[in-house]
Amino acid sequence: MVSYRRVVNSQKCVRAGGKHNDLEDVGKDVYHHTFFEMLGNWSFGDYFKVWSIIKNPDVVEIWNLVFMQYNREVNGSLRPLPQCSVDTGMGLERLVTVLQGKRSNYDTDLFTPLLSAIHQCSKAPAYQGRTGEADVGQVDMAYRVLADHIRTLCVCIADGVYPGMTGAELVLRRILRRAVRFSTEVLQAPEGALASLVPTVAHILIMDLINQNEVKFLSSLKQGRRVIDRTLSNMDKDTAVFPALVAWSLHRNLGFPLDLIDLMLEEKGKMVDKKDMTVLEDEYEKLRFQSEEDDGNRVDQLDLHSLAELQSQGVPHTDDSQKYCYSLGSDGQYVFQPCRASVLALYCDGALVSEVNEGQCCGVILDQTSFYAEQGGQATRFTIVVMLLQDVLFPVKSVRLAGGYVVHQVTAGETLRTGDQVELHLDEANRLGCMVKHTTTHLLNFALRELLGPAVNQRGSHCTASRLRFDFSIKGSLSVSELQQVEELVQHIIRQNAEVYMEEVLLSKAKQITGLRTIDEVYPDPVRVVSVAVPVSDLLNSKTSKQASVELCCGTHLLRTGAIGDFVIVSERQMVKGISRILAVTGDEAKKARETGQAMQEELESLAVQVEAASSLSMPAAQMLSKEVGLLMNAVDITPIPQWQRRELQTRLKAMQKTSNTTIRKLEIKEAALKAKELLVKHSNKPVVVDLIQTDSISVLMKTVLQLSKSTPDSMVMLLSHLQLSGKVLCACQVPKGSASGSAIKWAHSVCARLGGNADGSTDVAKGVGNGAWIYPSPPPDP
Ligand SMILES: [Zn+2]
């Protein structure tokens, strides 16, 4: 709930007892009820003091508004709250009365069908809406009582509250009896008249709702049925599997419940591929999660009304061609031209305004911009607007595109008016970082398709100045050598310092370029073609047979690939079945990842030599070595190093761990044999052997018990070990198979329980652990 900023709800309210006891008033006037529906809405720091759509003819309280703006401090003063909130409640019945232009709640269509049903079943004179003395014989009052009470009875009983003898149930009993009295004594209605009104209440409160929903769904159902039939007719008759994509679209776009789709297909002897369906669901969840992430930094999205207003005022769309205006200096540095622009419109708190004041958060629309609006997976952040002449900074939080307008999210550093001249300055390091990652993404896409074939399709990408993420479709994970080859091909193009060509081309022409993949997306026309190493004109004239990275893209790119510096894939894994995600780094970060990988490789080689020779080590030394292998494994798992190297190191470390475990097991057996030999001399042929030995391994303790039992098969053996450091006591025992004298688990358990611990095992062998503090130095405390 904490994350909600706007909440609306509808509550069923019964008011017939306690502080607000209206029961006796109900029926006398035209607005008291025992049951009403309360519509609530809350704003938690969101909208505040909005004006209402209702112009109220009479002074009737229809809406109870509570504005929370101040906190009353201890000294009695009012202090503004950090955020203004609204809590409102409005009775549905009164609202309907006002909206339908009636003077009485009973004249609205929430009640009129009930009143005529009462007339039908009682044969009393028709309802005339009279009150007080004019209501001769209280006939109209009886109508109102019945109409009100039967609603309350229906709603309460449906919610599981039955007429009874205590609390709410007693109140309901009184309501029922009051209704029966007015029905039989005043209206002279026959027995059973009250219950005969139930279908009318259900009609008003429930059936209309069902009908409305049915009408809504019926048209979808027809549409969906047509989609299913068309798909089935295009399918091979022998295929039982219905395409998951179609089923998913029925679910997402037409609101078909998934089980209903299954049912409809089952009737036709078909079924949906559940695996494919899971992939689609996972993808959707992932996308939803991403857009939720993005929502976090959205401040003032231009609303539709303001957009329409901008258009009707003839405000031209933002010219954003300057985002491509940069050049590569002779020193290899990128030069970004500052962009001068004038403020055409300001958008603040959901409306277009002519000026904003210092500190206000607003959307700024300029005649032109050099900023890059977030789209196509390239992020923009930390760019800065500087107002000309006054040198005041207006930090730009985000840049978004809305209906042809680029909206700059700005916190005003000073009063800003439409018509003001501003100068735009990029955060150049950030822009360059984004350009590096975006161009690298194109190279990666090209390398993957070049090496793994045309089945590889881009499924999503995102880059910021510091990282690059690329999702693509592929059957399984990439092998070590595939990862190496992809990395090498990208590095090769970087070393070439290949030129990046960008050109606007007619869409129809662009689509003829060989090797260009278009996805099902609406492209602008003309479209921007970005190619690496081969000029766009050569691609158009089919002058070249050279394979090159070519994509339709409106992102900002490097002019030459050399600035990428280096490239390392630091992670590659299957997100969902069939879709892989690559994380990659460039430049210095890539160099660092490579160096770290090398250092880890060297550490592994040194450990490998020791593991091979571990059988000559002492137990503690062998255990220490095994621990070191484990630590390196963890480090290899989480540190950014080349992914191909990570896979290689992981495989080798797993083998080393296995070898190391085998060595430790052998050493344990050796040690246990020695200890058992000593004990055998000490306790020869005793029926019960209990002793303390020195070891901090439960495994050695167990092995010693086993070896000793083997030599004295008729003895019951229990060995204990006190761990000096932790104070724990280890326990292991064995009894002769089928022994009448007791069970091992019971024995171990009774000993360990005494030590405040626990044991597990079987009737033959058991082990456990307890706390030495229970034996020494001080006696156990009273439980
Ligand atoms: Zn791109």
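1. The protein has a mean pLDDT of 83, and 85% of its residues reach 70 or more, pLDDT being the predictor's confidence in each residue, from 0 to 100. This is a predicted model, in which local features need pLDDT of at least 70 and side-chain atom pairs count only at pLDDT 80 or more, while totals for chains, interfaces and linings use all residues. Residues are numbered from 1 along each chain as its sequence is written.

2. Where pLDDT is low, the predicted coordinates should not be read in detail.

3. Five strands form an open sheet of mixed pairing in the order β25-β26-β27-β29-β28, where pairing requires at least two DSSP bridges between two strands. Its edge strands, β25 (688-692) and β28 (758-761), each pair on one side only, and the twist averages 15° from one strand to the next.

4. Strand β25 pairs with β26 (residues 716-722) in the parallel sense over five bridges, and V689 has V717 in β26 as its bridge partner.

5. Helix α17 (residues 698-711) lies across β25, β26, β27 (728-734) and β29 (765-771), running at about 30° to β27. Helix α18 (residues 744-754) packs on the sheet, touching β26, β27, β28 and β29, and its direction makes about 5° with that of β29; axes are lines fitted to C-alpha atoms, for helices over the stretch in contact, and angles run from 0 to 180 degrees between N-to-C directions.

Key. Helices (H or I, at least four residues) and strands (E, at least two) are DSSP runs, numbered from the N terminus. Two residues are in contact if their C-beta atoms, placed from the backbone, lie within 7 Å.
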